[in-house]
Amino acid sequence: MAPYAAEREVPLEGYSKEVTFPKLVAPQADDHKFRISWFNVFAFGYWHGSALYGLYLGITSASWPTIIYAFIMMELSVLGITAACHRLYAHKTFKVKLPLNIIMMILATFSGQYTVYNWVRDHRLHHKCSDTDGDPHNATRGFFFSHIGWILCEKHPEVKRRGVTIDMSDIKDNPVLAFQKKYAAIWFTMVNYVLPTYFPMYFWGETLSNAWHLNSFRFVMSLNIICLVNSAAHMWGNRPYDETIRPANNDLTIVLTLGEGFHNYHHAFPWDYRSAEFGNETFNFTTTFIHFFKWLGWAYDFKTVDREMILKRVARTGNGTHASVKEVGGKNDVKAN
Ligand SMILES: [Zn+2]
Ligand SMILES: [Zn+2]
């Protein structure tokens, strides 16, 4: 799911929005030689080194308020992707009023995964071309590439030429997201790095080194947690809804991403605001978070999937492990209601 600060706009020269492309059939990966983006290699190398030092400082010298603050910021960063970039902006699974639009954009900024515009374009392309060369983080290329390797090199030509065909009009028309895109460099520098570092220094006298490195730690942790959706959840897990695709329901990813790891369900029904079938939100805090704003009246027009449609899909393409299959004793016996 996620690019980062150093990512540039996909250049439009030579790529036309009018062209239609042949369908890529997953799993697919050609022998393209990727050019390494050394800027990103050094940037991500620095952030990961800084995060490791932050972990060390968290154990040895940071104050308890700083540690608790870093944890809360890490969870908010995860929500910035799961609730904001993913369920709200990329899939439009619900609508929000202006105050929540602003809050969601700020949370998305905490994630440090660059502009919502870039994130949404890559994610819509991911769904359109899953596990092929048109997918920015094509999991057919293995765990490392789909997790973070794709950010460390230039995009595959298929990603570039298909990326410009993605309809981004809703994102362009959103004034809050237009603001984030227009002032991206200064906005990300201030909101994701400077202010989160200054906060614990100002309010409880934390040292600059502790505050900076623990902020690096929470950013890098949230980044790697989100990247598990692209890597682990496209490789390992259960496929109750569609066994013909790579995305899987992955338990570790479900817990760490606050409910975003029901990835077999999500690729089968991407418009469901819960990103999961189950009504129980124990492992889907993102949905609970959204429900809070529904209660407040700032979130509305939720899209879901009715049970009949889910059961039909389970019967047609599932791997036979869905609870409804067990109830009736066999995949072919599943009834829609
Ligand atoms: Zn996916
Ligand atoms: Zn999605």
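The expected span of a helix is taken as 1.5 Å times one less than its number of residues, and helices (H or I, at least four residues) and strands (E, at least two) are DSSP runs numbered from the N terminus. The structure is a predicted model, in which local features need pLDDT of at least 70, side-chain atom pairs count only at pLDDT 80 or more, and totals for chains, interfaces and linings use all residues. Residues are numbered from 1 along each chain as its sequence is written, while chains are lettered from A and ligands numbered from 1 in the order in which they are written.

The predictor's confidence in each residue is given as pLDDT, from 0 to 100. The protein averages a pLDDT of 92, and 91% of the residues score at least 70.

The secondary structure of the protein comprises 15 helices and two strands. Its radius of gyration is 20 Å, close to the 20 Å that the globule rule gives for 337 residues, so the protein is as compact as a globular protein of that length. This radius is taken over C-alpha atoms, and the globule rule is 2.2 Å times the number of residues to the power 0.38. Along the principal axes, the C-alpha trace spans about 65 × 45 × 40 Å. Of the contacts with a separation of 6 or more, 73% are accounted for by residues 24 or more positions apart. Buried residues make up 46% of the 337 residues, a residue being buried if 20 or more other C-beta atoms lie within 10 Å of its own, exposed if 12 or fewer, and partly exposed in between, with C-beta atoms placed from the backbone.

In soluble globular proteins, nonpolar side chains tend to be buried together. A nonpolar core is here a set of buried Ala, Val, Leu, Ile, Met, Phe, Trp, Tyr and Cys residues joined through C-beta atoms within 7 Å. The largest such core has 56 residues, of which A84, C85, Y89, M104 and V116 touch the most other members. Two or more residues are given to this core by each of α1 (38-60), α2, α3 (98-110), α4 (116-128), α10 (208-230) and α13 (285-296). Apart from it lies another core, of ten residues, including F262, A268, A276 and I310.

Helix α2 (residues 64-90) has 27 residues and reaches 36 Å from its first C-alpha to its last, close to the 39 Å expected at 1.5 Å a residue. The helix bends by about 30 degrees at L79, the bend being the angle between axes fitted to the seven residues ending there and the seven starting there. Because 19 of its 27 residues are buried, α2 is largely enclosed by the rest of the structure. Y89 lies in this helix and is buried, with 24 other C-beta atoms within 10 Å. Not counting residues up to four places away in sequence, Y89 touches A84, V116, V120 and I171. Although Y89 and V116 are 27 residues apart in sequence, their C-alpha atoms are 7.6 Å apart in space. V116 is in turn in contact with C85, Y89, M105, A108, I171, L177 and Q180, leaving aside its neighbours within four places in sequence. In α3, the buried residues are L100, M104, M105, L107, A108, T109 and F110.

Most residues other than glycine have a negative phi, and most peptide bonds are trans. K92, in the loop between α2 and β1 (95-96), has a positive phi of about 50 degrees although it is not a glycine. With 15 C-beta neighbours inside 10 Å, K92 counts as partly exposed. After α3 comes G112, whose phi is positive, near 70 degrees. Y114, in the loop between α3 and α4, has a phi near 60 degrees, a positive value in a residue other than glycine. Y114 is buried, with 24 other C-beta atoms within 10 Å. A184 and Y114 are 70 residues apart in sequence and 7.7 Å apart in space, C-alpha to C-alpha. A184 lies in helix α9 (residues 184-204) and is partly exposed, with 17 other C-beta atoms within 10 Å. A cis peptide bond, with omega about -5 degrees, joins A26 and P27; P27 is placed in the segment before α1.

Definitions and conventions:
Two residues are in contact if their C-beta atoms, placed from the backbone, lie within 7 Å.
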